[in-house]
Amino acid sequence: MTALAQLVPRGERREVAAALGSVFLVMLAHALLETARDTVFLTHLPATRLPWLYLAITTFAVLSGPLLNRAGSEAVNRRALLLMQLAAAAGTAAFLPFSARPDDLTADALYIWGGVAAAVILARFWLILGERLTATQAKRLFPLVAAGAVAGSLSGFGMAGLLATRFAPPVLLGASAGAFLASAGVAALWWRLRSPVARAATPPRGLEAPPVWGALASVARHPYVRRLLLMLLLAAVSVTLCDFVFKSAVAQAVPAAQLGRFLASAYFLFDLAGLVLLLVAVGPFIRLVGVPAALLVRPAVLLAASLALTASGGLPVALALRGADGALRWSLHKTVCELLYVPMTPRLRVAVKEVSDLLAQRGGQALGSLLILALLAVGASGAWIGAPLVACAAAWLVLARRLRRPYRSLCRETLDDAGMATRLEFPELDLASLERLLTEISHPDDARVMAALELLAATGRAHVVPTLILYHPSAPVVVRALELFAAVRRRDWLPLAPRVLRHADATVRASAMRAYAATQPPLEALQQYRDDACPIVASLAAIALAARGGLAPQAATAAVRARLAAD
């Protein structure tokens, strides 16, 4: 409770609680809606219609994305979010009269609606949240709000499983519509307009995304980014194939009366496994093996599962395939992919994210759908999907292995760019990147050394900067290192303190004395430096003594004035 109070100051708690409640209810509504729509569809229609619906959802996302994701003024954003939530509640409720005995058109429409209703709300939610918070607030609060989203999804699937044991899909749809409506009520409490002073205190975050064609041009020129996007495209194709295989197997093996409970239980377990991996294993694993090696896990697991699917098939294999993909997609794979953006410059990163959503994610879904339709057109059975899934996972694995060298090269390029206008907000570094930064500290180019120090400071790694950097011939480098040592109160450099306090550069001597005082040395040690020959060192020692209570403030002021008069 104390940790949570420190994370969310008192002045932010009401707004954060309302944001958590809003995203929790949206995800709960989505889980209920997804369970209901899959149950209705697989009960009344063949799974062979799924590729057409994948294409319909992709088309809607591509056409509506630029409009729905565009931010406006705070009042416009507030109205847009509320209208989306109310529209989601009304649209879901509109299916209630038809869902008990749906015709083909109703089942198709419900499936498409389930794929887009919550997605547009969440896109707007995260867009506004990113603009409403400062960078410091976002670092603290984004993980907490994301945890609320996961909790909402798990709660929704758990509730869907309980309801499906006794009630038909219309009850799940009614509960979903109610949750969407409740989320609108909570959002109305959250998005209260702030005063002009408060709005002005929130600086803009990030860079605006360039036009799509401009983003494409930026991406096409960079070999690392081309490989990354191709890998994400293969991942999206694999997700589409896995989803089709899973739902086809479920439709064949699970009785219609048990579909709702089965799907809700399966989705709940997939999300739970992903959450456990994210909380327990993902961080330590990435730190142990590094980003490039961690990138191989998901395609390797999918390759093994798709080989088993090709050899035998059946519901257990399809369940294992979809479960492994679902658990790894939102835990290890999502984290690693975010780390792959780290070495990019801010402008390139914005362009890549713009293109990756359009070409990689949506394009991969469309390619996967067309591939399934082609196989079905020649009379191939569901088991044949295993062959292209094997090929896709194998190509993905090979491409991921070949991304290791470009990833490290891009890290070096970023360090070479000493004129970075925007400091990147780096996630935790993997071992390979950390080794590269430590190597750069001994580089003869001062700009590269300073860039490495800044990146280590930005990632909370000031404690790994070697103390031998204090022998560096550049005074600005030594000053920056001492500033980092003082910030984390390092003591391992103290054997070198007498030498640095006699440095030829006055700025270095001043920084050394500040760093020395930050280690809280004994008052007797500070008293010795009070009579130092250097007026800067002596003055800072007197100030440090006064701050520690070892010298009266008036005496410290007099000592500093005396030094100023003499020098």
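Is Cys-242 buried or exposed? Cys-242 is buried, at a relative accessible area of 1%; buried here means under 20% relative accessible area, exposed over 50%, and partly exposed in between, with a 1.4 Å probe and protein chains only.

A quick word on the model. It is predicted, so local features need pLDDT of at least 70 and side-chain atom pairs count only at pLDDT 80 or more, while totals for chains, interfaces and linings use all residues. Residues are numbered from 1 along each chain as its sequence is written, and side-chain values use heavy atoms, leaving out hydrogens and water.

Back to the cysteines. Cys-392 is buried too, at 7% relative accessibility. Its sulfur lies 8.8 Å from the closest cysteine sulfur, the one in Cys-242, which is too far for a bond. With a disulfide defined as a pair of cysteine sulfur atoms within 2.5 Å, the count is zero.

Next, Leu-319, in helix 16 (residues 315-340). Helices are DSSP runs of H or I with at least four residues, and strands are runs of E with at least two, numbered from the N terminus. Leu-319 is partly exposed, with 30% relative accessible area. Setting aside neighbours within four places in sequence, Leu-319 is in contact with Phe-246, Phe-262, Ala-266 and Phe-270, where contact means heavy atoms within 4.5 Å. From Leu-319 to Asp-243 the C-alpha distance is 10.0 Å, across 76 residues of sequence.

Last stop: Val-276, in helix 12 (residues 259-280). Val-276 is partly exposed, with a relative accessible area of 43%. Thanks, everyone!
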